[in-house]
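Hello,

Here is the structure I promised to pass on. Please have a look at it, and then read on for my notes on what turned up.

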Amino acid sequence: MKHHIYSIPLAEALEAKCGCILCNLEEKFEEQAVDYFLGASMMEPDAREITNEKGFCRRHLKKMFEKPNKLSLALTLETHVKELEECLEIKKKEGHFSKETTAFLTSEDIYETVRSCALCDKLNSQLNAAAGNISYLWSKNDEFRIMLEKTDDVLCLEHCALAIKMCDGEISSFKKNEYINMLINKQKKSLSKLYENLHNFTLSFDYRNSGKPLSPEEKSSVQTAVKYLGKY
Ligand SMILES: [Zn+2]
Ligand SMILES: [Zn+2]
């Protein structure tokens with residue numbers, strides 16, 4: 001049985017009407033994860049094994065470095081760097097025609113090490129569960145469904161895709177089509193409104209429109225578009 005532990009934070013984010021509900025949760029999860037990797041995970045051998053192997057991506061290294069606790073970060077990175085050093089040991093393989101060994105290490109091996117991030121993995125698994133939780137709530141909780149359907153801009157494009165991807169196993173296939181259509185229609189509405197606001201913003205640079213006031217939505221349309229398309 002699936003656990004729907006994100007029902008309360010999702011309902012709260014929806015009620016707060018502050019844009020994409022998953023971006024909202026992601027921000028909170030990320031902050032909590034940064035604190036976790038600089039705190040509790042230090043004492044958990046299983047978690048240390050993961051951070052030693054995966055390390056952190058550029059964004060999350062920066063976020064962790066911005067925190068005052070440099071000793072925790074140093075201890076975490078110390079063992080990760082040691083493992084990286086061992087990982088970059090040139091692998092040896094026996095040649096086909098001789099017993100001589102040839103060294104090889106592909107760029108993909110290195111990329112794999114550089115790209116992996118223990119914090120992204122934790123964050124993604126929480127977000128996937130929360131995204132699945134939305135469809136569950138939509139089908140089981142009338143109050144949540146009505147609120148979700150009547151509120152504009154509840155998901156950014158990327159999180160709309162995630163909500164669709166993660167609804168499998170949460171709702172019946174009959175309800176699935178209705179759910180996906182509802183989400184896609186909301187995206188179309190958001191995109192059409194965004195296009196109109198961006199268009200009017202660009203027109204305001206024409207000398208023929210000088211002095212013509214812009215609405216607050218038109219004024220902030222570039223910022224809204226960057227947020228909508230770029231997530232962070
Ligand atoms: Zn989002
Ligand atoms: Zn990351």
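The axes of α1 and α2 come within 9 Å of each other and cross at roughly 120°. Axes here are lines fitted to C-alpha atoms, for helices over the stretch in contact, and angles run from 0 to 180 degrees between N-to-C directions. Before going further, please keep in mind that this is a predicted model: local features need pLDDT of at least 70, side-chain atom pairs count only at pLDDT 80 or more, and totals for chains, interfaces and linings use all residues. Residues are numbered from 1 along each chain as its sequence is written, while chains are lettered from A and ligands numbered from 1 in the order in which they are written.

Helix names follow DSSP runs (H or I, at least four residues, for helices; E, at least two, for strands), numbered from the N terminus. α1 and α2 are oblique to each other, given that angles under 35 degrees count as roughly parallel, over 145 as roughly antiparallel, 65 to 115 as roughly perpendicular and the rest as oblique. Their crossing is right-handed; a crossing is right-handed if the near helix is turned clockwise from the far one by less than a right angle, and left-handed if anticlockwise.

On the α1 side the contact is made by P9, L10, A13 and L14, and on the α2 side by I21, N24 and L25. Two residues are in contact if their C-beta atoms, placed from the backbone, lie within 7 Å. By class, these residues divide into six nonpolar, one polar and no charged. For that count, Ala, Val, Leu, Ile, Met, Phe, Trp, Tyr, Cys and Pro are nonpolar, Asp, Glu, Lys and Arg are charged, and the others, Gly among them, are polar.

The cut-offs are 20 or more other C-beta atoms within 10 Å for buried, 12 or fewer for exposed, and anything in between for partly exposed, with C-beta atoms placed from the backbone. Leaving aside neighbours within four places in sequence, A13 is in contact with I21, N24 and L25.

**Two loop residues with positive phi**

Most residues other than glycine have a negative phi. K17, in the loop between α1 and α2, has a positive phi near 50°. With 12 C-beta neighbours inside 10 Å, K17 counts as exposed. D153 also has a phi near 50°, and it is found in the loop between α8 (142-150) and α9. D153 is partly exposed, with 19 other C-beta atoms within 10 Å.

**The core**

Which residues touch the most other members of the largest nonpolar core? They are I21, L22, L155 and A163, in a core of 33 residues. A nonpolar core is a set of buried Ala, Val, Leu, Ile, Met, Phe, Trp, Tyr and Cys residues joined through C-beta atoms within 7 Å. At least two core residues come from each of α1 (7-16), α2 (21-38), α7 (118-140), α9 (157-165) and α10 (173-203). α7 gives the most, with nine residues. Not counting residues up to four places away in sequence, L22 touches L127, A130, A131, L155, H159 and L162.

**Two partners of α10**

α9 and α10 pack at an angle of about 175°, with their axes 10 Å apart. That makes α9 roughly antiparallel to α10. L157, C160, A163 and I164 of α9 meet I180, L183 and Q187 of α10, and by class this contact has six nonpolar, one polar and no charged residues.

α10 also packs with helix α12 (residues 221-230), at an angle of about 140° and with the axes 9 Å apart. That makes α10 oblique to α12, and the crossing is left-handed. The contact joins L194, N197, L198 and F201 of α10 to S221, V222, T224, A225 and Y228 of α12. These residues divide into six nonpolar, three polar and no charged.

Elsewhere in α10 sits K193, which counts as partly exposed with 15 C-beta neighbours inside 10 Å. The C-alpha atoms of K193 and E217 are separated by 9.4 Å, although the two are 24 residues apart along the chain. L229, in helix α12, counts as exposed with 12 C-beta neighbours inside 10 Å.

Best wishes
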